[in-house]
Amino acid sequence: MRKATAAVIGLCSIAAAAVASAQSPAGAASCTGCHPASARVSSPVPRLAGHDRAAIVKAMQDFRSGQRAGTVMDRIAKGFTDDEIQAIAAWYAGQK
């Protein structure tokens, strides 16, 4: 039963990511590869939906500049412009 429940939750996360990517700014869909779309998914990687816009921007800028260490985020953040970071942060901040 647990495997079935986990499978359903996983499929819901995939579906949510697909819907989000269709409506989100360029680059935001790549975040759902690590950051869970659903609050019901347990992950050490924080869910971005509903986070403070300024906090997301600061984290991305800190990853990009090397001021904040990350396993992959420091490399991922380098691929985004300031405008893209602002758009992604605003979009995630507006999600619930």
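View 1. At 14% relative accessibility, His35 counts as buried (buried means under 20% relative accessible area, exposed over 50%, partly exposed in between, with a 1.4 Å probe and protein chains only). This residue of the predicted model lies in the loop between H1 and H2. Helices (H or I, at least four residues) and strands (E, at least two) are DSSP runs, numbered from the N terminus. Leaving aside neighbours within four places in sequence, His35 is in contact with Val45, Pro46, Leu48 and Met73, where contact means heavy atoms within 4.5 Å. Pro46 is 11 residues from His35 along the chain, and their C-alpha atoms are separated by 6.0 Å. The His35 side chain reaches the backbone oxygen of Pro46 at 2.6 Å.

Residues are numbered from 1 along each chain as its sequence is written. In this predicted model, local features need pLDDT of at least 70 and side-chain atom pairs count only at pLDDT 80 or more, while totals for chains, interfaces and linings use all residues; side-chain values use heavy atoms, with hydrogens and water left out.

**View 2. The largest pocket.** The volume of the largest pocket is about 520 Å³. On a 1 Å grid over the protein atoms alone, a pocket is an open set of points where a 1.4 Å probe fits, with protein on both sides within 12 Å along at least five of seven lines; a cavity is a set from which the probe cannot get out, and lining residues have an atom within 4 Å of a point. Grid points are joined across faces, edges and corners, and the volume is the space filled by probe spheres set on them. The lining has 22 residues, and the closest to the pocket centre are His35, Pro46, Leu48, Phe63 and Met73. By type, the lining divides into 16 nonpolar, five polar and one charged (Ala, Val, Leu, Ile, Met, Phe, Trp, Tyr, Cys and Pro are nonpolar, Asp, Glu, Lys and Arg charged, and the others, Gly among them, polar). Helix H2 (53-65) and helix H3 (73-77) each supply at least two lining residues, and H2 gives the most, with five.

**View 3. Helix H2 and its ends.** H2 has 13 residues and reaches 18 Å from its first C-alpha to its last, close to the 18 Å expected at 1.5 Å a residue (the expected span is 1.5 Å times one less than the number of residues). Its buried residues are Ile56, Val57, Ala59, Met60, Asp62 and Phe63, and what covers them includes H3 and helix H4 (82-93). At the N-terminal end, Asp52 caps H2, with a side-chain oxygen 3.3 Å from the backbone nitrogen of Ala54. Gly66 follows H2 and has a positive phi, near 90°.

**View 4. Asp62 within H2.** Asp62 is in helix H2 and is buried, at 13% relative accessibility. Its side chain makes a polar contact with the side chain of Lys58 (2.8 Å). A polar contact is a pair of N or O atoms within 3.5 Å; within protein, one must be able to donate a hydrogen and the other to accept it, and residues adjacent in sequence count only if both atoms are side-chain atoms. Leaving aside neighbours within four places in sequence, Asp62 is in contact with Gln67 and Arg68.

View 5. Ser24 is buried, with a relative accessible area of 14%. Leaving aside neighbours within four places in sequence, Ser24 is in contact with Ala29 and Trp91.
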